[in-house]
Amino acid sequence: MIEAQFHCATCNAVAATLQLTDDNQFIQSGFMGNSCEGGSGRLAILLERALRQQNIGTIYKLNGLWAPFYCPTCQATYCSEHWLKEVQFDDDFAGWYDCTYGTCPAGHRRIVDD
C-alpha cells in the first residue's frame, strides 16, 4: 500500500490522507468523510507515481474529486475547517443531494463532492 498525507496550508492540520492499496483501491479519508474507488491500468500507474511523489496537483488533474481538499488556483491544500462548503440539492427532486461546492480561504470556488 502507498499512502500520502497532505496538510492544511493555513493551520498545518491533516487535510486528508490518500491511499492506493495493493489491489488498486484508491481511498481518500479525512476531508469530508471517506471514499473508496477502484482503479486499474494506466490510471492506477499514474496515481501510484503521483502518490509516491506526493504530487497533489497531478492527482487533481487525474480526477479533481480525488483531491477535494486541494485548491488548484492557490496550488495549496486546506483542511475541512478552512473550506466554506455549500451543499446543493437537485432542483427537480427536492431534498435529493446534488453536489457540494467549496470555497478555499482565498475565495476560490470549486466542486468538492459530486
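I looked up the largest pocket and found it lined by 15 residues, of which Gln-28, Ser-35, Leu-65, Val-112 and Asp-113 lie nearest its centre. A pocket here is an open set of points on a 1 Å grid over the protein atoms alone, where a 1.4 Å probe fits, with protein on both sides within 12 Å along at least five of seven lines, and lining residues have an atom within 4 Å of a point. I noted that this is a predicted model, in which local features need pLDDT of at least 70 and side-chain atom pairs pLDDT 80 or more, while totals for chains, interfaces and linings use all residues. Residues are numbered from 1 along each chain, and side-chain values use heavy atoms, without hydrogens and water.

I then checked which strands (DSSP runs of E, at least two residues) contribute: β3 (25-29), β4 (34-38) and β9 (109-113) each supply at least two lining residues, and β4 gives the largest share, 3 residues.

Next I turned to the surface, where Val-87, Phe-89 and Tyr-97 form a nonpolar patch with about 290 Å² of accessible area together. Areas come from the Shrake-Rupley method with a 1.4 Å probe. Tyr-97 sits in strand β8 (residues 97-103).

Last, I placed Asp-23 in the loop between β2 (14-20) and β3, and its C-alpha atom is 8.9 Å from that of Ser-40, 17 residues apart along the chain.

Definitions and conventions
Helices (H or I, at least four residues) and strands (E, at least two) are DSSP runs, numbered from the N terminus. Patches are made of residues with over 30% relative accessible area and no salt bridge: like charges are joined within 9 Å, nonpolar side chains (Val, Leu, Ile, Met, Phe, Trp, Tyr) within 5 Å. A salt bridge is a side-chain nitrogen of Lys or Arg within 4 Å of a carboxyl oxygen of Asp or Glu.
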